[in-house]
Amino acid sequence: YRKSNWGRAGLCYRDPEYVRSLALIGALRRDENVALTVIRNHRRGVLRYVEVPLKLAWVRLTRSPDIFFVGFRGHEVFWLLYPSMAGKKIVFDEFINLHDWLVNEHRRLRADSLVARLIDRYMKWVHSRSDLILSDTEAHARLSAKTYETCRSKFVAVPVGTDERTFYPRERARRSDRFEVFFFGNMLPLHGMSVILESIESLAETRRIHGIHFSLVGGRGNPQAIRRISDFIETNRLGSSVTHLDWVPYQDLPDHIASADLCLGGPFGNTGQARRVVTGKTYQFLAMGKSTIIGAVEDLTGFEDKHNCLIVEQGAPELLADAIEWAFEHRDRLEGIGSHGLALFESHFSQHAQQQTLRRLVLDPLSL
């Protein structure tokens, strides 16, 4: 551990390989003034709720961190961690608003249900015990401040970013006989898979799909989504134009992205969450210098249509189809758009940019 005039910072999170966590860890490690201790859960299920609090208590006793970062997804374990963090500075990476996610986005709870009200009360307590709360966008920060009646000044928007050790520009041979469009995702409502399929159908119906091939990845563990995509391909006789894989290993994603002429970052679902988020895959595509179609959201700072990305209204399959066709017909401009997208990533969303934000608004002792 390096000596630090800011002391040590501890970070704890659910999934060691989650892109949000990897990006924050990478940003913190870049700072020579920070000695970072990362607490990882190696156990799954209920046992992680025992493993992580015990590890954190040991770190508190032996290393006495100055700042504790509770990474995604720390919502459900915060109460177990708090006894070991009390009296120190706490930064909570909220990332998603539980009320919005459970009530509005996935409709698992009613807003007036007992469980929803208990969760809301618990999250107000989490906010009250946190010195700073990280969100991925200003729109999400505004939502959470309003939902939980938390002072807006507690929030700091830190974009998702990406794992820059994995996603970076690389050369890979492309097929000259077709235009490759790539998408991957876990089929959440915000991603808008139905919008993507309808846009492909529109291209096929108007015979604009000739020369365009779509590679769609995702759906493992979701038989309904897999069946829907396979039925779509079969019904529309698009076997030569659309390839679907239910899963690709994380380490192989960069090769698939590098092979694409155009990437679909979304979100296209036009849900409440979709209108407030820039997807993690968008940052990965930008970091690799790929021309990317993104869905219009509330905050699009730095994004410029046909300059560093392509922007379409969400929930509009025909507009997405038009954007794909434009990219196909102007493929000579895509390399420049991708280069400008990479420049935007480096200046606004890279680990270096995150480091500057964390240093200025989180790690500066005077700001906490």
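Predicted model: local features only at pLDDT ≥ 70, side-chain atom pairs only at ≥ 80, totals over all residues.
Helices here are DSSP runs of H or I with at least four residues, strands are runs of E with at least two, and both are numbered from the N terminus.

Within α6 (residues 138-147) I found Ala139, His140, Ala141, Ser144 and Ala145 buried, where buried means under 20% relative accessible area, with a 1.4 Å probe and protein chains only. I then traced what these buried residues of α6 pack against, and noted α5 (114-129), β5 (132-135) and β6 (155-157), with contact taken as heavy atoms within 4.5 Å.

After α3 comes glycine 87, with a positive phi near 90 degrees.

Last, I followed the open sheet of six strands, which pair in parallel in the order β9-β8-β7-β10-β11-β12; two strands pair if DSSP finds at least two bridges between them. I noted β9 (242-245) and β12 (310-312) at the edges, each with a single partner strand, so one side of each has no neighbour in the sheet. For β10 (residues 262-266) and β11 (residues 292-295) I recorded parallel pairing over three bridges, and glycine 266 stands opposite isoleucine 294 in β11.

For my own reference, residues are numbered from 1 along each chain as its sequence is written, and side-chain values use heavy atoms, with hydrogens and water left out. Local features need pLDDT of at least 70 and side-chain atom pairs count only at pLDDT 80 or more, whereas totals for chains, interfaces and linings use all residues.

Key
Buried < 20%, exposed > 50% of the residue type's maximum accessible area, 1.4 Å probe, protein only.
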